[in-house]
Amino acid sequence: MSLFPKLLTWVKTVFGQGPRTRQVTRLSSANGGPVDASGRPVDVVTEEVVLKGPLKEKHRRLVKRDPRLLPKPPRKSHWEKRKKVMSAEEANRLFSGTLRTRNRNLRDLLPDEAQLERYGLPVWRSEQDVATALGITVRQLRHFSVHRQRDRVSHYVTFALPKRSGGQRLIHAPKKGLKAVQRKLLSLLVEKLPVSPLAHGFVKGRSVRTGAEGHVGKAVVLRVDLKDFFPSVSYARVRGLLIALGYGYPVAATLAVLMTESERQPVEVDGQVFFVPIGPRVCVQGAPTSPGLCNAVVLRMDRRLAGLARKHGFTYSRYADDLSFSGPEQKTAEKLRALAGKIIAEEGFQVNAPKTRLQRRGGRQTVTGVTVNQVLGLSRKERRKMRAMIHQEASRPADAENSARIDGKLAYLSMLNPRQAEALRTRRKGRTR
């Protein structure tokens, strides 16, 4: 009797909890099907297994499994040959190291087209669909979406930039070919991913102004910084996000490889230089797709933190890795900092404690570099610097570069506070006459 629960669990895991429906599909070489020895397409009838159960509890994404990868019935005799269900090329790709996974519940997932349509995402059923949408061949797609343990050519140029707080920030800039692919993915896919309305960084129509204006005139402003924001979003998290949104496993894994990279170390072996990964694949700073992916991955964290802030009478917003809370009481802000830290840790991120700030009304309060004490704008110190620049511009020979710098600062201030910018423009006109 003890074996029955285990058998029942296995049946539910593999075949789902609802009845199956059959949908016959014919694959040809035009859409990724197999070909015979002479190169002619061979039609293969496959059965799409549609299950009524969701992928996770309370999720709308249905489980649809590829029957070619499900357990097969035993052969009637030792001499019976099994039918060929996929081409050798497709099998080599599906079971390659790049797409390999230990989770059998993910490996055979097919796309849920209804889920993709709900989110307004492109319906890509196979790598061929992805390659066609990107304007490249399947061979070129796989060239960019293969994770190799040693690669002769790196698809990224890596360099370090100094941080204002000390240390260095590692930048991975994709090379021309991969960068073109990622930019197309940005417009076709990443910009359509669901993002919280409280995320103001890297979102069209939002800026530092929209992120800061909700915190103006508050008694207390709490700023929390996330440590290693982009590297905390791993390949597995990106793949899981795409699967939850409706994509099948092969497509989700391919897209996740395209948009992530490992830190690599050049190693010379027998006169040949190889680039060897020394860490996991993550969203890297420098890739066009990384900001949008990170915004989508932290959607649940944004919702949890917004609910926590609302419960305590606070306002919440996020600009990239900079989280801001504002409200009426310092005591509540201290409690909020501890509770927010727990949520952030549960969501797989880490608080950068040295950059966490609790700002009171008596001092300077800033959100993403914007002063929010009484009105939105720049601090008196920053405006005094701009007045000094205007004074020096009038008393020195004409300098086009310096004038352009002042124009840029005035345009930025005009976005934040047109009144403050107009006062400086009037002063500049009087000086330059």
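Trainee: Why does Leu161 count as partly exposed?

Mentor: Its relative accessibility is 41%; buried means under 20% relative accessible area, exposed over 50%, and partly exposed in between (1.4 Å probe, protein chains only), so Leu161 falls in the middle class. This is a predicted model, in which local features need pLDDT of at least 70, side-chain atom pairs count only at pLDDT 80 or more, and totals for chains, interfaces and linings use all residues. Residues are numbered from 1 along each chain as its sequence is written, and side-chain values use heavy atoms, without hydrogens and water.

Trainee: What makes the largest nonpolar core a core, and which residues have the most contacts inside it?

Mentor: A nonpolar core is a set of buried Ala, Val, Leu, Ile, Met, Phe, Trp, Tyr and Cys residues joined through side-chain atoms within 4.5 Å. The largest has 70 residues, and those with the most contacts inside it are Leu189, Leu255, Leu258, Met259 and Phe325.

Trainee: Why is this core said to lie between domain 2 and domain 3?

Mentor: Domain 2 (88–196 + 229–277) and domain 3 (197–228 + 298–374) both give residues to this core, so it lies between them; the bounds come from an automatic or database domain assignment. Apart from it lies another core, of 17 residues, among them Val208, Ala212, Met386 and Ile406.
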